[in-house]
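Please find below some notes on the model, arranged as numbered points.

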Amino acid sequence: MEKVKYSCQEFELFKGNVCHMVKEYGQLQFLEDTLVSNQVEKLWNEGQQLYALYLLAMVDYLSGLNNIPLYTKYNYLRNHKIQKKVYPLSLILAAKMDDADIDELAKDAIPEFLRFNIVEGNVFDVV
């Protein structure tokens, strides 16, 4: 499977769109729409592993918040992770501006995302 290259800006836009959809549709409707559309597997099959794993992390996170069992169809993807840790642009900039350790700033990352080597904080903090 050929891996698709991505830019930091494209991924930040994708993450923002996902978070806005969660806010707009609500957690349960977002989960239903995402699972029915099979978007996680579509992205994975298109070689967009980072996007697929981010979306899967969001599904797993929202499932946990709502006491919904994990969707077992994606168990085969839960063994994967991004090779190098992916940080949000805001955290990268904060670390550079404050000359801080980025991993220390990321200590409160959401575990469902971190499992895939994606550092994500508050997904509900969108405008």
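1. In what follows, buried means under 20% relative accessible area, exposed means over 50%, and partly exposed covers what lies in between, with a 1.4 Å probe and protein chains only. Helices (H or I, at least four residues) and strands (E, at least two) are DSSP runs, numbered from the N terminus. The model is a predicted one, in which local features need pLDDT of at least 70 and side-chain atom pairs count only at pLDDT 80 or more, while totals for chains, interfaces and linings use all residues. Residues are numbered from 1 along each chain as its sequence is written, and side-chain values use heavy atoms, with hydrogens and water left out.

2. Helix H2, which spans residues 27-37, has Phe30, Leu31 and Thr34 as its buried residues. Seen down the axis of H2, these buried residues fall within an arc of 100°, so they line one face of the helix; the arc is that of the directions from the helix axis to the C-beta atoms. On the other side of H2, Leu28 and Val36 are exposed.

3. The cover over the buried residues of H2 includes helix H1 (8-25), helix H3 (39-45) and helix H4 (49-65), where contact means heavy atoms within 4.5 Å.

4. H2 and H4 pack at an angle of about 135°, with their axes 10 Å apart, and that makes H2 oblique to H4. Axes here are lines fitted to C-alpha atoms, for helices over the stretch in contact, and angles run from 0 to 180 degrees between N-to-C directions. Angles under 35 degrees count as roughly parallel, over 145 as roughly antiparallel, 65 to 115 as roughly perpendicular and the rest as oblique. In this contact, Gln27, Phe30, Leu31, Thr34 and Leu35 of H2 meet Leu55, Met58, Val59, Leu62, Ser63 and Leu65 of H4. By class, the contact of H2 with H4 has 8 nonpolar, 3 polar and no charged residues, where Ala, Val, Leu, Ile, Met, Phe, Trp, Tyr, Cys and Pro count as nonpolar, Asp, Glu, Lys and Arg as charged, and the others, Gly among them, as polar.

5. The axes of H1 and H4 come within 11 Å and cross at roughly 25°, and H1 and H4 are therefore roughly parallel to each other. From H1, the residues Glu10, Phe11, Phe14, Lys15, Val18, Cys19 and Val22 meet Leu50, Tyr51, Tyr54, Leu55, Met58 and Leu62 in H4. Sorted by class, the contact of H1 with H4 has 11 nonpolar, no polar and 2 charged residues.

6. Which residues have a positive phi although they are not glycines? One of them is Asn38, with a phi of about 60°, and another is Asn117, with a phi of about 70°. Asn38 is placed in the loop between H2 and H3 and, at 16% relative accessibility, counts as buried. Asn117 lies in the segment after H7 and is likewise buried, with a relative accessible area of 12%.

7. Phe113 lies in helix H7 (residues 111-114) and is buried, with a relative accessible area of 0%. Not counting residues up to four places away in sequence, Phe113 touches Tyr54, Ala57, Met58, Tyr61, Ile118, Glu120 and Val123. Between Phe113 and Leu70 there are 43 residues of sequence separation and a C-alpha to C-alpha distance of 14 Å.
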